[in-house]
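Morning, everyone. Please take a look at the model on the screen.

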Amino acid sequence: MIQDIPDPVTLFPERAAGPGDLLLTLRGGQVALAEWSPVATVGAPLAAVGGRGFFLGAAPGMEPGSAQRLRAIPDASARFGAFCALHLARWLLDHRHCGRCAAPLARVGARLRCPECGHEVYPAIAPAVILGLTHRGRLLVTRYADRPYKGPALVAGYCEVGETAEAACRREAREETGLEIRTPPRYFASQPWGLSGALLLGFFAEVADPGRLALADGELASAEWLAPEALPPPPDAAGPLSLTATMIEAFAKGVAP
Ligand SMILES: [Zn+2]
C-alpha cells in the first residue's frame, strides 16, 4: 500500500527548503507540485521523507490540477510524502485563525496555538470505513458517479459522531446500496489517506440478500457482484496503492478475512 515505504516520515521538519525539495500549492480544490528553486516562494514545512522535504510554496510555471495526480509520482517515498504533505497543507490553510477568539494561529511543533487565548488545534484525521461486501464468493465492486476518481471502488464513508466503525459499515452499506449485512464486519487493515485527510479502516462483510441491491441517487454510477477471476486490476501503475485496491486483490487471491 502507499504507506509501505522504507523511510520514516517526519512531520513539520524544522529546516529550510533547498535543492531536491518539493513545493505544494493549493488553489481551490486543486494541487500543484514543483521542485524547489532559488526563485521559489517557500512557506511552512509540511513533511520530509528519504531526505526530501515538502513545503508550502510556489514556483514559476506551477499548474494546479486534480490531487489524484499525486498517485502517479513514481518514487514510492516521494508519493507517500506528498500525500502526507497534502493532508497537512489543507489542515494548515483551513486553520489560519483561532476558532474561539479569531486571532491568527501560530504553529508550535505539530500543533497550532493561539497566542491570545491559548487555544490549541491538532491536525485533524477523519476515520472512515471501506467495506468489501461479499455474497457467496463474489465481491460488490462499485464506481463513483460524482468524484474525480473513476476506478473500481468499494462501499465507503466517514464515521459519524457517536458511531463505531462497525456501525458505520452497516449504515454505509444500507445508504449506498440498500443492502443489509448478515455477519459482523471482519477487520482487514487500515491506511492513512492524505487525499481525503482520512484514516481508512477496511472491513469485509457478507450480505443477507443481494437481490435488495438499490443504488443511492447520485453517489454511485454502478455496482456489480464480481467473482475473483473477474475483479479489476489496481488502477495505479505502481500496483495496489490504496486500501481499496489491496482489498480487491486480497479477495481475488482468496486471502481476505
Ligand atoms: Zn484564541
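First, a term: two strands pair if DSSP finds at least two bridges between them. Strands themselves are DSSP runs of E, at least two residues long, numbered from the N terminus. Residue numbers start from 1 along each chain as its sequence is written. And this is a predicted model: local features need pLDDT of at least 70, side-chain atom pairs count only at pLDDT 80 or more, and totals for chains, interfaces and linings use all residues.

Start with strand E9, residues 126-135, and strand E10, residues 138-144. They pair antiparallel over two bridges. His-135 sits opposite Arg-138 in E10. The hairpin of E9 and E10 has two residues between the strands, and there Arg-136 takes a positive phi near 45 degrees.

What else does E10 join? Strand E14, residues 220-226, antiparallel, by six bridges. Tyr-144 has Leu-220 in E14 as its bridge partner.

Next, an open sheet. Three strands, in the order E6-E7-E8, pair antiparallel. Its edge strands are E6 (106-108) and E8 (120-121), each pairing on one side only. Three bridges join E6 to E7, residues 111-113. Ala-106 has Arg-113 in E7 as its bridge partner.

Now the domains. The assignment gives domain 1 (9-93) and domain 2 (126-252); such bounds come from an automatic or database domain assignment. Their C-alpha centres lie 29 Å apart. How many residues of domain 1 are in contact with domain 2? 10, with eight residues of domain 2. Contact means C-beta atoms, placed from the backbone, within 7 Å.

Definitions and conventions. Helix = DSSP H or I, 4+ residues; strand = E, 2+ residues; numbered from the N terminus. Contact = placed C-beta atoms within 7 Å.
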